[in-house]
Amino acid sequence: MPARSPVTHPHVDDCLSIRDGHLFIDELDTVELAERFGTPLFVLSETQLRSNLRRFDAAFRRAWPEGPVDVLPAMKANTNLAVRHILSSEGAGADIYSPEELDGVLRTAVDPARVSVNGGGKPRDHLRRCVAAGVRITVEDVGEIQLIEQVAAELGRTARIRLRVKPALPNLWRRTDFSQLSVPIDLGYQVYKSGIPAEYLVDLGHQAFAAPHVELVGLHFHAGRHHPSLWFWQGMMARYGRLIGELSQAWGGWQPEEIDIGGGWPSPRDPHNEELPRSEFVTTALGYPFLVGLRGLGERAYHAALARIVPALTSHTPRTAPPAIEAFAEVAVRTLRRELHGHGVRTDGVRLQVEPGRSLFGDVGVHLARVKVVKRQTRPIPYVWVLTDTTEFFLTGGRFEHSRHPVVVANRADAPATLTADVVGQSCYGDQIVLGAKLAEVAQGELIALLETGAYQESSASNFNALPRPATVLVNGSDAEVVKRAETIDDVYGRDVVPARVRTRPAGGASTEPAAASG
Ligand SMILES: Cc1ncc(COP(=O)(O)O)c(C=O)c1O
């Protein structure tokens, strides 16, 4: 059976296609985009973004007819202001975390009532700005309500708050994808810092009811993408619904006006935690002693054995595609509603909020990189590296999550994948972007596309090795515009201040420091 092309998209709307062997995004050839805008390059599809958002919205409206639905895309996943303007023009709100994200989102015509401000340790001036702007505040800390009451009283406003809860999830026993180790989701989630521990919630509710400038409008729960299954959402919503019911009872029959179920749905090609195959051989302690023990065979035999084992460590069988968002919406909402009704909580008129990140932005973007060198060795173990002009430091979101992004040779996207190689970046680290990638036999100068890079990558890129971060281009049908320019070397050194007493000059020349950096 022929291997499935990584370009194949499991869902109906897809901005990627292969035409005459070239990878296209919308109506544009990625090969031409790379020539026009240079590499490395982030490319985003506006049509995919709008279509994903509308689809999300429609799926949850269908599943939750009893009240309004707000889609609050997670700003952290993609902080481009052009993207934010598009989302605001579609009526979307935002899940934001930092004061700086709040600043960004408020620059667009977002409805503040549809902005959820999350995050622990919110400083007083941030809370003041939240109350003044009229956004929702998602309370994370035990002392936060008192602080909100103070700033709201000073401003003569009422702050609308939700408590971010942290239910126990012992029913979620499968292993979490948030770790390369095999631990149950329940444990993976419990060690996650966010959310108010259950023991404080009842008291915090009473604090909110007693605070004249605070209104507790609802509850919030976000666990993250621990598992790409309907089973996971069923389990989470069962425990969340039960906790809401228990709180409602403890608070004398309190009824939520809104319920936020957070994010955590997989993106369509779902690269999360695929860096290494998660066989027990790799993830348990047995693998290491076994490999070391092989040295007893003598050096030649040891390396010969390693050469056979390496593909098992790095190769990868694509997972089956995750369910469509419509299926997630249906299961999550049905389970939540059942639990709420079972615990005497009404759902009529209740506003449902969802905060998609990766599932909304992932397939909106591709990352283009040029092949600098193809390097091969035959001894002591055969190995091939495809060295590109990008770096894992521009794709950091994926690194933290051990993601394995599908790779395509964009100028020969329909060529058979006969080469097994590590696609690596140009920094001095190992910079392993995709270990053991299967791709077409590739040569210097050809173009690599890393798919499913619209979420978290560009927003967490850094400047290791003083590499300027790449530009982002927004494609809309046949148009392409830069929405974030590439950094220059002056941007990279622009924050540096060199005190006069340590300043040196290059032999025989004037200072080469950029003006902004000269202190
Ligand atoms: C509060 C909150 N909501 C939503 C999201 C988006 O998560 P995801 O990208 O898994 O959908 C995050 C991500 O960390 C988050 O912290």
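Ile-25 is paired by a bridge with Leu-28 of strand 3. The structure is a predicted model, in which local features require pLDDT of at least 70 and side-chain atom pairs count only at pLDDT 80 or more, whereas totals for chains, interfaces and linings use all residues. Residue numbers start from 1 along each chain as its sequence is written. Secondary-structure elements are DSSP runs numbered from the N terminus, with helices (H or I) of at least four residues and strands (E) of at least two.

Strand 2 (residues 22-25) and strand 3 run antiparallel and are joined by 2 bridges; two strands are taken to pair if DSSP finds at least two bridges between them. The open sheet to which these strands belong contains 3 strands in the order 1-2-3, with antiparallel pairing. Strand 1 (16-19) and strand 3 (28-29) are the edge strands, each with a single partner, so one side of each has no neighbour in the sheet. The loop between strand 1 and strand 2 contains Asp-20, a residue other than glycine with a positive phi, near 50 degrees. Asp-20 is exposed, with 8 other C-beta atoms within 10 Å. On this scale, a residue is buried if 20 or more other C-beta atoms lie within 10 Å of its own, exposed if 12 or fewer, and partly exposed in between, the C-beta atoms being placed from the backbone.

A positive phi also occurs at Asn-273, about 50 degrees, although this residue is not a glycine. Asn-273 is located in the loop between strand 12 and helix 10 (280-283) and is buried, with 21 other C-beta atoms within 10 Å. Two cis peptide bonds were examined as well. The bond from Thr-39 to Pro-40 is cis, with omega near -5 degrees, and Pro-40 occupies the loop between helix 1 (30-37) and strand 4 (41-45). Arg-379 and Pro-380 are likewise joined by a cis peptide bond, with omega about -5 degrees; Pro-380 lies in the loop between strand 14 (365-377) and strand 15 (383-388). In general, most residues other than glycine have a negative phi, and most peptide bonds are trans.

By an automatic or database assignment of bounds, the chain is divided into domain 1 (16-45 + 364-493), domain 2 (60-273 + 324-358) and domain 3 (280-314). The C-alpha centres of domain 2 and domain 3 are 45 Å apart.

Helix 9 (residues 230-250) comprises 21 residues and extends 30 Å from its first C-alpha to its last, close to the 30 Å expected at 1.5 Å a residue, the expected span being 1.5 Å times one less than the number of residues. Its buried residues include Phe-232, Trp-233, Arg-239, Tyr-240 and Leu-247. The buried residues of helix 9 pack against strand 9 (159-166), helix 8 (198-210), strand 11 (214-220), strand 12 (258-260) and helix 13 (325-342), contact being defined by C-beta atoms, placed from the backbone, within 7 Å. Gly-252, with a positive phi near 65 degrees, follows helix 9.

Arg-469 lies in the loop between strand 19 (447-451) and strand 20 (471-476) and counts as buried, with 20 C-beta neighbours inside 10 Å. Apart from residues up to four places away in sequence, Arg-469 touches Phe-394, Ala-461, Asn-463 and Glu-487. Arg-469 and Glu-458 are separated by 11 residues in sequence and by 8.6 Å in space, C-alpha to C-alpha.

Terms used. Two residues are in contact if their C-beta atoms, placed from the backbone, lie within 7 Å.
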